[in-house]
Amino acid sequence: MRGYDRINSFLPDELILEIFRRIHAKSNRDACSLVCKRWLGLERISRDKLRIAASCKPDALTKLLARQFINVKNIYIDERLPFPLPVSFGRRRGGDQPRFLSVNLPRALEDEETSSHSLSDAGLIAIGEGFSKLEKLSLIWCSNVTNAGLKSIAENCVSLRSLDLQGCYVGDQGLAAVGVCCKQLEDLNLRFCEGVTDAGLIELAFSCGSTLQSLEISACTRITDLSLEAVGSHCKNLVTLSLDSEQINNKGVIAVAKGCRLLKVLKLQCINVTDEALQMVGMYSSSLELLALHSFQRFTDISSRSLYAIGKGCKSLKNLTLSDCYYLSDKGLEAVASGCLELTHLEVNGCHNIGTKGLESIGRSCRNLLELALLYCQKIGNEALAEIGRGCSNLQALHLVDCSSISDDAICSIAKGCRNLKKLHIRRCYEVGNKGIIAVGENCKSLTDLSLRYCDRVGDEGMIAIGQGCSLTHLNVSGCHRIGDVGMTAIARGCPSLTYLDASVLQVCNLLLKKGNSFIHSHNDSALNFW
């Protein structure tokens, strides 16, 4: 600009603030704040979210942040997060060193004594007093906070809509205060809140249950059916319920099914719940769209119960997960297929009595299926996936883990019938080899994510077909010892957009590096993984 600042001279604060609000990447927001003092102040005004690691004196940090960021509405604190040590605001360290946004605690705050490096009630009080506009607060495993801190939040942040208390040892008094003060509360997470009992949750349901839309309860040993009866009576607008408890029985689930007619998402891991409860869910929860059943040993295929009721009553069901439900069989899956024609996502995990016939019915009836996951399903054979290939042409993702009866014929059927497939993950399916993967390469031109972990019959021929037919961004061939330099060279030449590669347990040369591919991400902080 030849020494003249045309941006600050012409643009009003309101316009710059609007620009900042449209910048979503934190690194870019931080960079903007370093341009000049005006931009630093405006960026602080526009910032509405904070993410804090509950360590390195978080109580002092929250006090400082409350003075600097006055419009924050969303705070996420996770005690498990490591505390970053960025470069300070000061002058550059050397001519080419970039500067990063950081918050330097004043010496007065640094010298404050704290009982530990965990967030305490003092920090919560600072949040409550400093962020009165707060709408969403997440306190993940902040084990030092108590009822006193939660009361301060409730009394000062009356606009709170979402509260996540996972792993916090708060009790009934704090929860009751939230119910009394936060009349707009919509989302509440009580996972691993061992201090909460029926008294606290009942009081909250009575006080603000009319606005509550999402409730998650897990490992709360002192919450029983009494709480769920209160939820059923007072939380008429509840949309999402997740329960993981050994103390919950049929009575509580039935109360929710009868009272919360708007329920769309139900996730249950309750070993004492039986067919009777699921029958009531099917009868009363006609709006249900997602149902997840985990580790149920008391669900069967008795006539007019269990999945029969779901198939008959939940016509809007789109997502179904059945995990470790040993006594469910093909009959239950057939009932779902005949009634839930809008099903788009199905996961069957460790349900050893569900076999080929049940999945065939899904292929014949559920034409809108987009994602299918079959994990540890030894009885499901090739003909089941052949029916999926014939009937579910819109399938975009397929996950197969330890399905010993699935072979190349099944993969060929999927490849020819589901040409829109974008993700294919196969692990330890030892009958799948080059024939099936070649068919995928020839037919599934939209495939971008392929994982073939420990499919040791897949070799270079399969990789050549994939390289010629698909533009992969993610590839995992860990444990596929028949894949060598030829196959990996074909991938390098045919998939220039590849960003993730796991080739561990392979004896190949790093020929991919010669192609200049840009690897940018992986779970091991290195997108290229060779052992």
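Start by selecting helix α19 (residues 434-443) and helix α20 (residues 460-469), whose axes come within 8 Å and cross at roughly 5°. Axes here are lines fitted to C-alpha atoms over the stretch in contact, with angles from 0 to 180 degrees between N-to-C directions. That crossing makes α19 roughly parallel to α20 (the term covers angles under 35 degrees). Now show the side chains: N434, I437, I438, V440 and G441 of α19 meet E461, G462, M463, A465, I466 and G469 of α20, where contact means heavy atoms within 4.5 Å. The residues of this contact divide into six nonpolar, four polar and one charged, with Gly counted among the polar ones and Ala, Val, Ile and Met among the nonpolar.

A word on what you are viewing: this is a predicted model, with local features needing pLDDT of at least 70 and side-chain atom pairs pLDDT 80 or more. Residues are numbered from 1 along each chain, and side-chain values use heavy atoms, without hydrogens and water.

Next, select N476 in strand β16 (residues 474-476). N476 is buried, at 10% relative accessible area (buried means under 20%, with a 1.4 Å probe and protein chains only). A polar atom of its side chain lies 3.0 Å from the backbone nitrogen of S478. Beyond its neighbours within four places in sequence, N476 touches L450, S451, L452, R453, Y500 and D502.

Finally, go to F20 and W39, an edge-to-face aromatic pair at 5.7 Å centre to centre and 80° between the planes (centres within 6.5 Å, planes over 60 degrees apart). F20 sits in helix α2 (residues 13-21) and W39 in helix α4 (residues 37-46), 19 residues apart. F20 is buried at 2% relative accessibility, and W39 is buried at 14%.

Methods
Rings of Phe, Tyr and Trp (its six-membered ring) pair if their centres lie within 6.5 Å; planes under 30 degrees apart count as stacked, over 60 as edge-to-face and the rest as tilted. Helices (H or I, at least four residues) and strands (E, at least two) are DSSP runs, numbered from the N terminus. Buried means under 20% relative accessible area, exposed over 50%, partly exposed in between (1.4 Å probe, protein chains only). A polar contact is a pair of N or O atoms within 3.5 Å; within protein, one must be able to donate a hydrogen and the other to accept it, and residues adjacent in sequence count only if both atoms are side-chain atoms. Angles under 35 degrees count as roughly parallel, over 145 as roughly antiparallel, 65 to 115 as roughly perpendicular and the rest as oblique.
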